[in-house]
Amino acid sequence: MGAAAYFTGEPFTVRELDMIRLLGVSKSYAEARSGARIQALDGFDLEVAAGEFVAILGPSGSGKSTVLKLIAGFDHADSGTVEVGDEPVTTISPRRVLVAQDAALFPWLNVVDNIAFGLRAQGRGHAASITARVHDLVQALGLAGAERRLPSELSGGMKQRVALARALAVEPEVLLLDEPFAALDALSRERLQDVLESAWLTAKPTVVLVTHSVDEAIRLADRVVIVSERPARIVHTAIVTATRPRDIAGLGDVRRTLAAAVRGLPHSASDTQGR
Ligand code: ADP
């Protein structure tokens with residue numbers, strides 16, 4: 001198999017040592033104004049092996065963020081199994097970290113203190129080692145010079161960097177990323193993709209990345225799944241085995257196949273509704 005080796009086709013699963021297991025998961029919400037039920041997920045299945053990097057692509061409003069929130073324990077399924085490390089997810093845990101789209105930072109803490117927050121809260125390491133770790137992340141994520149700024153003094157892209165740094169700082173077992181690079185320009189995005197990839201290669205967390213970018217997905221993930229419109233179902237899977245760091249230019253076939261699969265999806269009528 002060459003550098004661009006991949007499998008792409010119908011959904012399938014290869015299961016051993018799953019870290020994340022979602023089986024038959026259903027989740028509905030009440031629509032804010034009308035109170036009507038919105039079925040975000042209905043019998044959704046996804047299994048992710050320990051240390052695997054999975055990317056989820058699909059239409060807006062299809063239920064992708066819901067999947068991440070259920071794994072993180074921010075929300076509960078109406079029915080079905082949501083397990084991490086063979087245990088049902090009942091609440092949030094520092095072992096599972098979600099970097100959400102809105103980069104919810106602590107507004108009263110500066111950049112350094114936001115990044116250090118989890119390490120300090122978990123009593124992980126001495127002050128000096130925490131300082132050194134935070135310093136490394138500040139450098140890696142291009143935040144040098146902004147260490148003492150408050151979130152209100154940061155651009156959207158910088159807030160996302162801080163949120164990613166804060167998540168990487170604690171080296172979680174499960175890292176859940178909801179379009180973490182959407183607010184960034186192309187160059188910054190590539191740089192942060194490199195940072196994420198090297199953090200993943202070092203600590204090998206299990207990663208689930210929601211993205212709208214086929215290129216981002218095939219650059220980073222071992223497996224790319226495409227989900228249907230709401231309620232989300234996996235309709236296409238691609239296994240990307242190309243060696244890292246990957247050259248997207250050499251992955252033209254899988255890129256075209258995935259882009260065509262994404263384009264072929266009908267979008268649900270309520271995609272544009274606010275949350
Ligand atoms: P995606 O991440 O694919 O854009 P989401 O999981 O965010 O999709 O949302 C799936 C559907 O559920 C959308 O129609 C969305 O508007 C709705 N939804 C999500 N969260 C809530 C909520 N807290 N209250 C009401 N509706 C919600």
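Tutor: Two strands pair if DSSP finds at least two bridges between them; helices (H or I, at least four residues) and strands (E, at least two) are DSSP runs, numbered from the N terminus. Residues are numbered from 1 along each chain as its sequence is written. The model is predicted: local features need pLDDT of at least 70 and side-chain atom pairs pLDDT 80 or more, while totals for chains, interfaces and linings use all residues.

Student: Which residue is the bridge partner of V25 in β3?

Tutor: Strands β2 and β3 pair in the antiparallel sense over 9 bridges. The hairpin they form has 6 residues between the strands, and G35 in this hairpin takes a positive phi near 80°. The bridge partner of V25 in β3 is F44.

Student: Which residue of β5 is the bridge partner of L22?

Tutor: Strand β2 runs antiparallel to β5, and 5 bridges join them. Within β5, the residue that partners L22 is V82.

Student: Which residue in β6 stands opposite V84?

Tutor: Strand β5 covers residues 79–84 and pairs with β6 in the antiparallel sense over 2 bridges. The residue of β6 opposite V84 is E87.

Student: How far apart are the axes of helix α2 and helix α3?

Tutor: Helix α2 (residues 111–121) packs against helix α3 (residues 127–140) at an angle of about 130°. Residues V112, I115, A116, L119 and R120 of α2 make the contact with I130, R133, V134 and L137 of α3 (C-beta atoms, placed from the backbone, within 7 Å). The separation of the two axes is 10 Å.

Student: Which helix gives the largest share of the side of domain 1 that touches domain 2?

Tutor: The chain is divided into domain 1 (6–95 + 173–263) and domain 2 (106–171), with bounds from an automatic or database domain assignment. Their centres, taken over C-alpha atoms, are 25 Å apart. The contact takes 13 residues from domain 1 and 14 residues from domain 2. The largest share on the domain 1 side, 6 residues, comes from residues 186–203, helix α5.

Key. Contact = placed C-beta atoms within 7 Å. Axes fitted to C-alpha atoms, helices over the stretch in contact; angles between N-to-C directions.
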